Amino acid sequence: MKKKKRSKITPVIGLQWGDEGKGKGVARIASKLSKNDLIVRFQGGNNAGHTIWHKGKPYVFKLIPSGVFGKAQIHLGAGMVINPGALLQETKTIPKNISFLNRISISPHAVLTLPTHILLDSVSEQKKGKKKIGSTGKGISPSYTDLIMRKALRVGDIFHNDFKQKYDKLSLEHKKMLSKIFQYKVKNKELKENEEKFWHGIKFLRKLSVINSAKLTERTLKNGRKIIAEGAQGTLLDLRFGNYPFVTSSHTIASGIGTGLGLAPSSIGGSIGIFKAYTTKVGEGPFPTELGGLKSAVWCRDKNFSHEKEKFYNLDPNSKNEFEQGIALRRLGFEIGAVTGRLRRTGWLDIPLLKYAININNATKLVLTKLDVLNGFKIIKVCTGYIINNKKTAEIPFDLSRENIKCVYKSFPVWKGKLSDYGGKLPKEALRYVKFLEKTLRAEIIYVGTGAEEHHVVERYW
Ligand code: GDP
Ligand code: IMO
Ligand code: MG
């Protein structure tokens, strides 16, 4: 009997601190897939914010895979944490003419985020004071903590009669923790709104197709169909291999697909690694190439400094003052968090971090996004290595926070005018930058992002 050739899953992974443009990347790939192919999320929850532009409008996906506007099947995998109310809310943002309820499925193993998880997240962050992580406050860490503690509620539990009983028990346990550990007394009405949303969400989940991720992905690969695994967050936010403790609570790297979907490593193909032409970071923690250093970190942490307020600041991408240059980069790249609206910290591209991420994810193809944001700069810089204890190195240390890192930079002149003035081609200065990155990172850049919309790209090896 002639067997169909078994395919491998293609991970699409962020190579930096998240927000690299994974949503747009996945949406582009999805537009080329057929109805028997599959797009899956394998980790994370609604801490993710993946923006895609569809027919001139922006959509931000948090739990639903960004390929929803295509034809392929979509699946919320076992490694995810699901806030049912947030999922229901998100489905309502999808235009009526897009039928997706017949294409979406969810794993029974995915963990449920309860309203009390969200409260635990924000209260525990507040208690940390200066040591806070800068969590998105969506309850991600407490939800995964309950999984590790072997007491989480999962999607499969909602079909059993004792679900409400189990919910009440876990919720009460959380309230006791809040009061005993964090000295926080939950007020009667405080959870009401989120609880109502939760139970509406549960009703919606009960109508969805529930299927074991391992079974679904195995069947799809056996049939020779394509699977795209849409990563959330980025490599430097991985629980184990990111810059701990300033990380998220899931495995964001390609090998997270193994446990996140129940797939053997041999089923995971080379990754498509996505990175911006510069670096951004939301939340706390070290950031070696940050423009404006600590001043920028403190500025972006402060809730009083909104994107609106920054408009009064001098917008000069060529300012000699790096702090101001960082603000210009943030404003030109519209770098505000898609989930929390926080200012994203900005800095130059960091080659040691990228090399680390490319290796760890086996990224065999790269996507460079937001090159157009550098229009208007005269010179851009790239960090090619670090100086730590007077020694030059291109390797990142065990803990970026513990080291006094000085960055070594290489400068590149920038093209005149806008990338869009060059008739779909890259000007020679941009090409030089792209080729330098390909040579240094030892992988092909399959396309370069030149704007937010799906067609705003210059294809190279697509
Ligand atoms: P994700 O979390 O990795 O999906 O990225 P986000 O959606 O959080 O942030 C990326 C932002 O950049 C979104 O607003 C995108 O619309 C936008 N974007 C993606 N690629 C490009 C690009 O090449 N140029 C510009 N100007 N914007 C882009
Ligand atoms: P996407 O998928 C950027 C950051 C938070 C915080 C840390 C921990 O859109 O790229 P958590 O809520 O997970 O406990 O927060 O991780 N973070 C992200 N930063 N993009 C994301 O997702 C992020 N998801 C979490 O800002 O520093
Ligand atoms: Mg994002």
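Gly-21, Lys-22, Gly-23, Thr-51 and Asp-372 come nearest among the 19 residues around ligand 1, where a residue is near if one of its heavy atoms lies within 4 Å of the molecule. This is a predicted model, in which local features need pLDDT of at least 70 and side-chain atom pairs count only at pLDDT 80 or more, while totals for chains, interfaces and linings use all residues. Residues are numbered from 1 along each chain as its sequence is written, chains are lettered from A and ligands numbered from 1 in the order in which they are written, and side-chain values use heavy atoms, with hydrogens and water left out.

The shell around ligand 1 divides into 3 nonpolar, 9 polar and 7 charged residues, with Gly counted as polar. At least two residues of this shell come from each of α1 and β3.

## Backbone contacts and cover

Oxygen atoms of ligand 1 lie 2.8 Å from a polar backbone atom of Gly-21, 3.1 Å from one of Glu-20 and 3.4 Å from one of Gly-449, a polar contact being a pair of N or O atoms within 3.5 Å. Of the 580 Å² of accessible area that ligand 1 has on its own, the protein covers 91% (Shrake-Rupley method, 1.4 Å probe).

## Magnesium site

Asp-19 (OD) and Gly-49 (O) coordinate the magnesium ion (ligand 3) at 2.1 to 2.2 Å, donors being N, O and S atoms within 2.8 Å of the metal, or 3.2 Å for Na, K and Ca.

Asp-19 counts as partly exposed because its relative accessibility is 21%, and Gly-49 counts as buried because its value is 13% (buried under 20%, exposed over 50%, partly exposed in between, with a 1.4 Å probe and protein chains only).

Terms used: A polar contact is a pair of N or O atoms within 3.5 Å; within protein, one must be able to donate a hydrogen and the other to accept it, and residues adjacent in sequence count only if both atoms are side-chain atoms. Helices (H or I, at least four residues) and strands (E, at least two) are DSSP runs, numbered from the N terminus.
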